[in-house]
Amino acid sequence: MNKFSTVKKLVIATLSVGCLFSNYATSLAERMTSSQYVIEFGNFNVTSGEKTSANYKVTDTVGQISPGEYDGSGYVVKAGFQYIYPFRTLSLKISKITIDLSELTYGSFNTDTHTLIVDTNGAGGYAVKASENHPLRLLNTSTDIRDTLCDSGSCDESTAGSWTNANNYGFGFNLSGNDVATDFASTNYFRQFADVSNAETMKTVMSGTGVSVNRNATVTYKASPQATQAAGNYETLVTYQLIATY
Amino acid sequence: MVQKNKAATLTFTLVFLTMFGMQPVHAQKADLNIGISPPLTHIIIQPGKSALTTVSLENQGNFDVNLTTNFVDFTSDNKTGIPVLSDNMSFSYMSLQDAEVHLNTPFLLKTGNTKQLVFEVALPENSVEKEYHFSLVTDVEPIQNSLHDQSGTAVSGQIVSNFIITVSRTAKDQGIIELQSFEAPLFLDSLSAITAKVFMHNAGKNTTVTLGNLRIVNVLGNVVYENDFLPENILPGAGRQVFGSESVNKDGEEYKIEQPIRYKGLFLLGPYKLILTYHAPGQEEQKFEHTVFALPISALIFVILVYIVYLLYTKSNLFQGRSRKAKPENGTQHKLDS
C-alpha cells in the first residue's frame, strides 16, 4: 500500500512538473515579425536607443538637436519630449469594463463604479476625454433613458450639476479623485456623457500637467428611470480616450 | 483508508494546481490596461527623403483586445497643449509598414504582449516646406466586451500618440516666439504671493519651444526669484501657456517638471519688477517687463481694526466711568428723598 502510494505520488509529481514546463514554454522572449521587418529585443523598452533591420535604421534621439542640422540622412526623428524628458509609455487602465446598474426602479437611484488610472511616466500633461455612443437605450429599439439634466435642469456634457432627487430621471456620471474636472464639486455632482450619436464631441473629465504617475479617479455611474419607462435591458458604450500633450 | 484519502487529496491538489495554479489567471475582474510609446514623435525631414519611426502598443490588461488604429489631424487649443482632434487626415505620405496589420482594421493583441508598428514617412521631391500635425488614435476593444453579448453599459478605451512632421530643406528651427499675454496684478498685498500667467504665441513656420526665464527684482535691485521656462512645444500659428520648471531626479534620471510662476516672500513691500526673457532656439532673445506694487494692505487693515477696537474700548470705559460716577449721586438723592 505504501509502495503503491509512493509510486502514485511520483507519477503525479512528474506529470505536474511536465505540465509546469509545458506552460512556461509559451512565454518566451519577444520576437515581432512581419513579411518586411523583424525586430528583436530583450525587453519591452523598444523605443529607447536604436532599432535596426536589414532595411532600415531608426535612432530615437534624446537631447536637443541643434537647430539647422541634419545628420546626413535628411531626417531627424525625435521621439518623446526632447527638451524635458526621454519618452516613456503613456498608459490607461480601466478597472472594470462592464457597468451594471441592476434593476432600475422609478424614484430611486442605482449606481456602479470603476476606476481610471493614468500614467504618463514623465511625459508632458495629459487629458482623459469621455463619450457615449448614445444614451442608455433599450436593445434594438430607439427607447432611451435620457441623459440626466440633474436637479435644476442645468447640467450637460460639459458642466456637472447637483443630482440628488431620483424623481429627476436620467443617466449620468460623477468623477472623484486625482486631476478630475473642477465642475465635479462633490460626489453629488453629475454630468451627461457627450453623446456621439447627437454629434457631441468627447469632453475632458481628467487632466494633468507634468509628471503624472498613478493618477487615479473613481467614476460613479448613476441612473433612475421615469415612471413610464419600458422594461428591458438598456445599454450604451462609454469610451475613455487618453491623449498626451504635444 | 486514511492513506487513500491523503492520496486523493494530494492528487486533487496537484491536478488543481497544474490546471489552474500554473496558468495565467484570466480575469476574475476585467482590467483594461493599454500603453503606447512614445506619446510624441517629431520628424524633421527633407523633401524627397524617407524616414522610419515606430510606435509600440502594449496590452497590460488581463484579457485580449482588438486594436484599431487610424490617423487624424490635430490642432491647438491655444492654451494647454492638449491636441484637438479632427475627423480628417491631411498628410498622405505616412504608411504603416506591416503585412499583417492595416490602418482602420482591427488586429488582435493578446494579454501581456506588445505590438510594434513601423511607419514610413516618404516625401516626394517636390514637397513644399510645411508642417503637419496628426495623432495615431488606437481604439481598444476588449474581446470579451462585445456590446451585443451582454446587457449593461460597456466600457472601451482609446489611446493617442501624437506626430509632428516638419518638411524642411534645412532643418533650421524657424519658430518665432511672441508674448501673447501676460497676466499679473498691478497691486498686491504684502502678505500674498506674486503670481503670473504667461501665454506665448509661435509666429514662425514650425513647431518650436519657448526658452528663457522670468526674474523678479525687488526695489533694492536684488533678484529674489528666477526660474527657467519649461521648454514645451508650441505649434506654428498657435499659443500655449508656459510654466516655470523644476529639475527633479527620479529613478536616477534628471528631468524637468512644470512649476507655476509664483514668488512668496515673508513680507513684500514696494515695487517688484518682473523681467521676462524669451526666445525660440533660433531666435534672438526678447524682453518684457512688468512692475507689481506690494502694499501692506492687510497690515493696514489690521492696524485700523485694532485702532477702532481700541477706540470702542476706551469710549466704552469712559461711558462706564461716567455711569459709575452718576449712580452714587442718584442713590444719595434717593436716600435723601426717602
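What percentage of the 338 residues of chain B count as buried? In this predicted model, in which local features need pLDDT of at least 70, side-chain atom pairs count only at pLDDT 80 or more, and totals for chains, interfaces and linings use all residues, the share is 34%, a residue being called buried if 20 or more other C-beta atoms, placed from the backbone, lie within 10 Å of its own, exposed if 12 or fewer, and partly exposed in between. Residues are numbered from 1 along each chain as its sequence is written, while chains are lettered from A and ligands numbered from 1 in the order in which they are written.

Chain B contains 2 helices and 23 strands, taken as DSSP runs (H or I over at least four residues for helices, E over at least two for strands) and numbered from the N terminus. Of the contacts in chain B between residues at least 6 apart in sequence, 69% join residues at least 24 apart, where a contact requires C-beta atoms, placed from the backbone, to lie within 7 Å.

Confidence was considered through pLDDT, the predictor's confidence in each residue on a scale from 0 to 100. The mean for chain B is 86, with 84% of its residues reaching 70 or more; among its elements, the lowest mean, 42, belongs to helix α1 (residues 2–21) and the highest, 98, to β22(B). For the complex, the predictor gives an ipTM of 0.78 and a pTM of 0.77.

Strands of both chains contribute to an open sheet of 8 strands with antiparallel pairing, in the order β14(A)-β17(A)-β9(A)-β7(A)-β1(B)-β3(B)-β8(B)-β6(B), two strands being paired if DSSP finds at least two bridges between them. Because β14 (170–177) of chain A and β6 (94–96) of chain B stand at the edges with a single partner strand each, one side of each is left without a neighbour in the sheet. From one strand to the next, the twist averages 20°. Between the chains, β7 (residues 90–94) of chain A runs antiparallel to β1 (residues 32–37) of chain B and is joined to it by 5 bridges, with L90(A) standing opposite I36(B).

Further antiparallel pairing is found within chain B, where β15 (residues 211–217) is paired with β22 (residues 270–279) over 7 bridges, N213(B) having T277(B) as its bridge partner. Strand β22(B) is also paired with β23 (residues 286–295) over 9 bridges; these two strands form a hairpin with 6 residues between them, in which G270(B) stands opposite A294(B).

Helix α2 (residues 297–337) of chain B holds Y307(B), which is exposed because 10 other C-beta atoms lie within 10 Å. Y307(B) and S168(B) are 139 residues apart in sequence and, from C-alpha to C-alpha, 70 Å apart in space.

Methods: Contact = placed C-beta atoms within 7 Å. Axes fitted to C-alpha atoms, helices over the stretch in contact; angles between N-to-C directions.
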